[in-house]
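Reader: I have a structure open and I'd like to walk through it. Can you take my questions one at a time?

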Amino acid sequence: METLVFLFPQFNFMAQKEEAYFKRLDPQHRQEPTMKADGNRHQDKEKTSRQSLTRSGSHDNVSHQTKTTSSNISTETALQWSNSFEELMKNADGVETFSQFLRTEFSEENIEFWLACEEFKTYDSEKKLLSKAKHIYTVFIESDAPKEVNIDYSTKIAIQTNLSHPTRSCFEAAQVKVYSLMKKDSYPRFLHSDLYLRLTRRRGPGVTMFRRRSRSCIFNERGGGTAEPSPW
């Protein structure tokens, strides 16, 4: 009888019981597809997150913002910005366009710090001054701050000393130094940038120039580079 059952599996009445028996002994076998699916979904989420971060910090994103804002600026207004840095900074569109340029140079922390100081000087409440002063110090001044600006050690110490009882002028020295840095270093390059030349209609869209973190050389899309003296 056992031989007949083996030769003719259609008469094997123990098949279903044996299958259920092995499934009970090996529950991991049933969970394996689910675990693989969960792992694949987790990897997809990580991949999507990395792609999102890459897009948010790309130059393509900066270029898109530039085109949207600059379309409302007249040629006459843009030409006035070349008269002086002060002329640029007193114009709201000028400040925004200059900020976009600094983002392409990875030095937007300078204009953001300057604007934060301008806002800080409008506060009258001691509570508000204290809260805002701590925020500015944490973001722009202290060592390894997320947007640390380039100021000397003695200026940092002076700000830290006055942080417990801040006044509207406690960031004045640092703001002057950052303003001077933008005027002498960034502003001349801004006037020769594709962004500004397009606004003044002096030059059509051409090769976009990107400035790397090293601040020692300017690279274009073709991979060529020109040496540039460092201000530091």
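**Working through the model**

Reader: Where is Thr155?

Author: Thr155 sits in helix 10, residues 153–161. Helices (H or I, at least four residues) and strands (E, at least two) are DSSP runs, numbered from the N terminus. The model is a predicted one, in which local features need pLDDT of at least 70 and side-chain atom pairs count only at pLDDT 80 or more, while totals for chains, interfaces and linings use all residues. Residues are numbered from 1 along each chain as its sequence is written, and side-chain values use heavy atoms, with hydrogens and water left out.

Reader: Is Thr155 buried or exposed?

Author: Thr155 counts as buried because its relative accessibility is 8%. Buried means under 20% relative accessible area, exposed means over 50%, and partly exposed is in between (1.4 Å probe, protein chains only).

Reader: What does Thr155 touch?

Author: Leaving aside neighbours within four places in sequence, Thr155 is in contact with Ala173, Ala174 and Lys177. Contact means heavy atoms within 4.5 Å. The side chain of Thr155 also makes a polar contact of 2.9 Å with the side chain of Asp152. A polar contact is a pair of N or O atoms within 3.5 Å; within protein, one must be able to donate a hydrogen and the other to accept it, and residues adjacent in sequence count only if both atoms are side-chain atoms.

Reader: Zooming out, how many helices and strands are there?

Author: The protein has 12 helices and 3 strands. Of its 232 residues, 31% are buried.

Reader: Which residues have the most contacts inside the largest nonpolar core?

Author: They are Met89, Phe98, Phe113, Ile141, Phe171, Met182 and Phe190, in a core of 40 residues. Helix 6, helix 7, helix 8, helix 9, helix 11 and helix 12 (194–199) each give two or more residues to this core. A nonpolar core is a set of buried Ala, Val, Leu, Ile, Met, Phe, Trp, Tyr and Cys residues joined through side-chain atoms within 4.5 Å.

Reader: Pick Phe113. What does Phe113 touch?

Author: Not counting residues up to four places away in sequence, Phe113 touches Ile136, Phe140, Ile141, Val149, Phe171, Ala174, Gln175 and Val178. Phe113 is one of the buried residues of helix 8, along with Glu109, Asn110, Ile111, Trp114, Ala116, Cys117 and Phe120.

Reader: What covers the buried residues of helix 8?

Author: The cover includes helix 6 (85–89), helix 7 (92–104), helix 9 (126–141) and helix 11 (172–191).

Reader: How far apart are the end C-alpha atoms of helix 8?

Author: They are 16 Å apart, which agrees with the 16 Å that its 12 residues (109–120) should span at 1.5 Å a residue. The expected span is 1.5 Å times one less than the number of residues.

Reader: And what about the span of helix 7?

Author: The 13 residues of helix 7 should span 18 Å, and the end C-alpha atoms are 19 Å apart, which agrees.

Reader: What caps the N-terminal end of helix 7?

Author: Asn91 does, with a side-chain oxygen 2.9 Å from the backbone nitrogen of Asp93. After helix 7 comes Phe106, which has a positive phi near 60°. Phe106 lies in the loop between helix 7 and helix 8, and at 27% relative accessibility it counts as partly exposed.

Reader: Which residues in helix 7 are buried?

Author: Gly94, Val95, Thr97, Phe98, Ser99, Gln100, Phe101, Leu102 and Thr104 are buried. Glu96 is also in helix 7, but it counts as partly exposed at 32% relative accessibility.

Reader: At what angle do helix 7 and helix 11 pack?

Author: The angle is about 90°, with the axes 10 Å apart. That makes helix 7 roughly perpendicular to helix 11. Axes are lines fitted to C-alpha atoms, for helices over the stretch in contact, and angles run from 0 to 180 degrees between N-to-C directions. Angles under 35 degrees count as roughly parallel, over 145 as roughly antiparallel, 65 to 115 as roughly perpendicular and the rest as oblique.

Reader: Which residues meet there?

Author: Thr97, Phe98, Phe101 and Leu102 in helix 7 meet Met182, Ser186, Tyr187, Arg189 and Phe190 in helix 11.

Reader: Last one: where is Asp144?

Author: Asp144 is in the loop between helix 9 and helix 10. Its phi is positive, about 65°, although Asp144 is not a glycine. Asp144 counts as exposed, at 74% relative accessibility.
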